Amino acid sequence: MASTGTPTTPDGPGLLGGWTRVHPIRAAAVAMILVSLVWRAQLASRGYLAVDDYVLIARAGESDLTPGFLLTLYNNHFMPAALLITWLVTRAAGLAYWPYVLLLTAAQAVLAVSFARLLRTLVRPGWALLVPLAVFLFSPLTLEATSWWAVGVNMLPMQIAMVLAIGAQVRYVRTRRKRHLVSLALAVLFGLIFFEKALLVVPLVFLLTAFLFVGGPPVRAVLSTVRRYWPSWLVLTALSLGFLALYGSRAESSLRRPDSLGEVLSFLWQLLGSTVVPGLLGGPWRWLPAGDGAPVTAPPELGRWIAWAAFLVLVVLTVRLRRVAGRAWLLLAAYLTLVTALLAATRLGSIYSDVAGAVPRYVSDVVVVAALCIGVALLGLRPAPDHSSPADPPPPNRDGGPHPDTGDERADAESGQVPAEDASAQVTADGERDDLVPAEAEPRVAVPAATYRGHGVLHAEYDNDDLPALDRPSAARPFDAPPRRTDAVTGSTATPALPPSPAPDHPVPVDGRTAGPLSPPDKLTATPEQPPYTGGRDPDDPPLPAVLARHREAVSAGLALALVAAGLGTAWTTARFGDEWAVKSGRTYLDTVRTELAAAPPDTVFFDQPVPGDVVPLLSAPYNRQSTFFHALPERPVFVTEAENPSLFDSTGRISPVKVDGPTAQPGPEQACGWKVTGGETARLPLTGPRDDWFWVVRIGYLSSGETTGTFRLGGKEKRFPVKTGLHQIFFEFTGGGDTVELSVDDPGVTLCTNEVAIGTPTPQQ
């Protein structure tokens with residue numbers, strides 16, 4: 001009989017409430033992701049477009065959507081997908097900021113979910129999993145990527161590519177399924193069409209495989225990595241060479257040489273001491289403003305040393321507790337070395353070298369690797385379920401029938417469908433029971449996935465892709481997986497495993513042993529053949545130091561205090577970043593321009609001028625010109641090169657009549673006329689000062705007896721302009737130089753009088 005009302009679970013009413021109780025760690029992770037997204041979106045919305053955003057929008061506004069536009073490099077960056085998205089948003093919304101905030105938030109949501117899934121795949125379950133997730137979600141080093149469009153449109157796709165590529169490689173290492181190679185290639189390609197720096201994903205995947213999935217000395221580990229997983233490197237090498245050929249055909253070399261050793265050391269101290277290490281622990285706590293762009297790090301000296309001390313304690317403690325931790329930290333160091341070398345080669349020796357190490361966006365991709373390494377160091381790698389060799393016959397099933405891993409039941413295992421009697425007490429990723437059968441069924445003790453050799457119940461947390469294929473030899477396991485034991489009778493090897501607990505009073509033989517009475521899930525009983533379940537610690541991990549064992553409560557309190565301090569520091573740093581990001585000269589300038597245009601007469605025309613340098617710097621020329629800056633405005637102003645009464649925007653965005661600041665013609669000899677210009681004759685007007693050969697604006701105020709065409713000459717160059725009857729003026733742009741002006745008119749019956757000729761720079765009238 002169908003029931004109605006609120007759905008219930010064994011833990012209480014409501015699907016959401018029941019799921020939260022069954023999966024508390026997942027629920028906490030979801031809550032953290034939502035909080036981080038809201039927090040970042042709110043912080044981003046306080047700011048506005050900045051610097052390179054205007055250049056990208058201006059280029060999109062003046063260009064058609066063609067392959068030439070998409071494949072054009074911007075500041076030597078190859079980013080066709082970024083240009084495409086900017087072009088679409090510009091055509092749809094102009095200079096609006098809110099679409100970019102939505103896009104950045106959506107990309108961060110994809111990245112956060114993907115990273116959380118990768119953590120669950122790569123490291124052991126446990127509450128400590130929330131620590132690396134928090135480092136990634138709330139790191140101040142990635143605030144630029146979720147606030148500044150020109151940064152986020154490059155970095156967020158690259159980070160997504162990093163996470164997806166690592167996940168694909170981990171699945172390939174564990175399963176050897178070729179479809180994961182396709183996923184690996186697509187992930188890298190996705191990053192490359194947004195940012196050429198995504199090419200670093202290729203060595204990252206190799207390093208992660210060598211450090212975390214292959215053991216032995218460095219040289220042997222590298223050779224083993226190449227030999228075992230050569231299909232991955234073949235795919236990635238072909239993709240990399242193809243991209244480098246395309247990029248190299250369009251890019252100019254951006255490699256530079258530092259001016260001195262001191263410059264290199266200062267850069268390293270900034271990058272590591274002021275940015276990376278403090279940023280991973282909630283810093284830098286203090287920012288230096290950088291105009292409309294994002295601020296740069298400037299941690300206080302005390303905070304810098306505290307951050308380094310805390311980081312070293314974390315490294316030493318995790319290395320002492322877990323064998324895999326040392327390799328995790330080496331992986332982080334190796335990737336950070338790659339990023340540092342790339343930055344040093346492209347930034348040192350330039351005008352930005354003094355602050356290159358203090359710019360967080362240059363190392364925002366390091367946060368992904370750092371968070372993963374912190375997770376591995378704290379929790380250890382999550383070994384995939386291992387399977388015995390096909391040559392070994394599977395042990396008999398508890399019913400005497402075929403083993404679940406053979407025949408139809410094996411197909412069920414590969415498809416993720418678990419027999420009902422085995423599903424009654426699966427273990428979730430959080431190490432908790434996941435009741436999948438009616439409550440009246442007898443509960444059984446679940447066994448952690450890492451202890452299975454492929455027989456019996458599959459861990460609910462593992463996707464099918466995480467399991468090695470059953471028809472091939474055992475897939476490679478992480479080097480720190482629990483060691484196999486050798487059977488003294490048969491000589492076969494097996495991974496220590498906890499036998500599944502049967503129903504009470506019905507012991508069932510498993511691997512030649514007899515299971516004891518039912519034990520609670522958190523108190524699994526050890527036997528001489530079976531070591532006790534240690535909550536995720538590998539049997540070959542170093543033993544807990546005596547001081548930790550004796551003072552467990554004090555150590556736990558200290559760690560909790562450190563986490564709270566890091567959280568408070570992160571909140572303070574983020575709030576201060578938001579204060580700096582909210583100050584936007586470009587937004588104020590645009591708001592004033594929009595107001596002025598709405599009140600200006602419809603026939604108002606403008607001379608083109610650079611926008612203020614704190615909005616778009618001079619280095620961005622010609623995209624710092626007002627004509628390109630305002631191109632995406634729906635009510636954009638009209639710019640001309642010649643007009644009788646032109647206007648211009650001053651540095652605040654207000655409209656003002658034009659005044660020419662520069663040398664003028666000396667007073668003419670004709671009383672009440674000045675310089676008289678008649679048809680067929682040329683008047684020579686000496687200037688009060690010479691003008692270099694440059695781009696100038698000329699103003700001529702005149703009184704004419706009729707309409708004709710006049711000619712202005714300076715330094716061998718000339719400009720023809722219309723002459724109207726009566727008292728008028730004319731402004732026009734001119735390129736040339738000299739110290740004497742020549743004027744003439746075409747109509748011999750027209751006389752022109754002038755005593756007002758100025759050549760110089762257009763400025764607003766006060």
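This is a predicted model: local features need pLDDT of at least 70, side-chain atom pairs count only at pLDDT 80 or more; totals for chains, interfaces and linings use all residues.

Author: A residue is called exposed when its relative accessible area is over 50%. Pro669 has a relative accessible area of 65%, so Pro669 is exposed. Pro669 sits in the loop between β15 and β16.

Reader: Which residues does Pro669 touch, not counting residues up to four places away in sequence?

Author: On that count, Pro669 touches Gly674 and Trp675. A separation between C-alpha atoms can also be read: those of Pro669 and Asn755 are 9.6 Å apart, while the two residues are 86 residues apart along the chain.

Reader: How many disulfides does a search of the whole structure find?

Author: The search finds one disulfide. Cys673 is joined to Cys753, with an S to S distance of 2.0 Å. The two cysteines are 80 residues apart and link distant parts of the chain: Cys673 belongs to the loop between β15 (655–661) and β16 (675–678), and Cys753 to strand β21 (residues 751–764).

Reader: What is the handedness of the link between Cys673 and Cys753? Are Cys673 and Cys753 buried or exposed?

Author: The link is left-handed, with -100° about the S-S bond. Both Cys673 and Cys753 are buried. Another cysteine, Cys373, has a relative accessible area of 2%. Because buried means under 20%, Cys373 is classed as buried.

Reader: How should I read the backbone angles?

Author: Most residues other than glycine have a negative phi, and most peptide bonds are trans. Departures from that pattern deserve a separate look. The peptide bond from Gly283 to Pro284 is cis, with omega near 15°. Pro284 is in the loop between α13 (261–280) and β3 (287–290). The peptide bond from Ala621 to Pro622 is also cis, with omega near 10°, and Pro622 is placed in the loop between β11 (605–607) and α22 (626–629).

Reader: Where does Asn75 lie, and what is the phi of Asn75?

Author: Asn75 lies in the loop between α4 (67–70) and α5 (80–93). Its phi is near 50°, a positive value in a residue other than glycine. Asn75 is exposed, with a relative accessible area of 53%. Arg176 also has a positive phi, near 60°. The loop between α8 (149–175) and α9 (179–192) holds Arg176, which is partly exposed at a relative accessible area of 30%.

Reader: Is Thr573 buried or exposed?

Author: Thr573 is buried, its relative accessible area being 0%. This residue is part of helix α20 (residues 552–581). Leaving aside neighbours within four places in sequence, Thr573 is in contact with Pro140, Gly282, Gly283, Pro284, Trp285 and Trp287. Among these contacts are Gly283 and Pro284, the two residues of a cis peptide bond discussed above.

Reader: Which residues form a nonpolar patch on the surface?

Author: The patch is formed by Val182, Leu186, Leu189, Phe190 and Ile193, which together have about 410 Å² of accessible area. One of them, Leu189, is found in helix α9 and is partly exposed, with a relative accessible area of 40%.

Reader: How many salt bridges does the count come to?

Author: The count comes to 16 salt bridges. The side chains of Asp365 and Lys197 meet at 3.1 Å, N to O. Asp365 is in helix α16 (residues 364–379) and Lys197 in the loop between α9 and α10 (201–213), so this pair ties together parts that are 168 residues apart in sequence. Both Asp365 and Lys197 are buried.

Reader: What distance separates the closest N and O atoms of Arg684 and Glu742?

Author: That distance is 2.5 Å in the salt bridge of Arg684 with Glu742. The pair links distant parts of the chain, with Arg684 in strand β17 (residues 683–704) and Glu742 in strand β20 (residues 726–745), 58 residues apart. Glu742 is partly exposed, with a relative accessible area of 22%.

Note on methods. Residues are numbered from 1 along each chain as its sequence is written. Side-chain values use heavy atoms; hydrogens and water are left out. Helices (H or I, at least four residues) and strands (E, at least two) are DSSP runs, numbered from the N terminus. Buried means under 20% relative accessible area, exposed over 50%, partly exposed in between (1.4 Å probe, protein chains only). Contact means heavy atoms within 4.5 Å. A disulfide is a pair of cysteine sulfur atoms within 2.5 Å. Patches are made of residues with over 30% relative accessible area and no salt bridge: like charges are joined within 9 Å, nonpolar side chains (Val, Leu, Ile, Met, Phe, Trp, Tyr) within 5 Å. Accessible areas come from the Shrake-Rupley method with a 1.4 Å probe; for residues, only the protein chains shown count as cover. A salt bridge is a side-chain nitrogen of Lys or Arg within 4 Å of a carboxyl oxygen of Asp or Glu.
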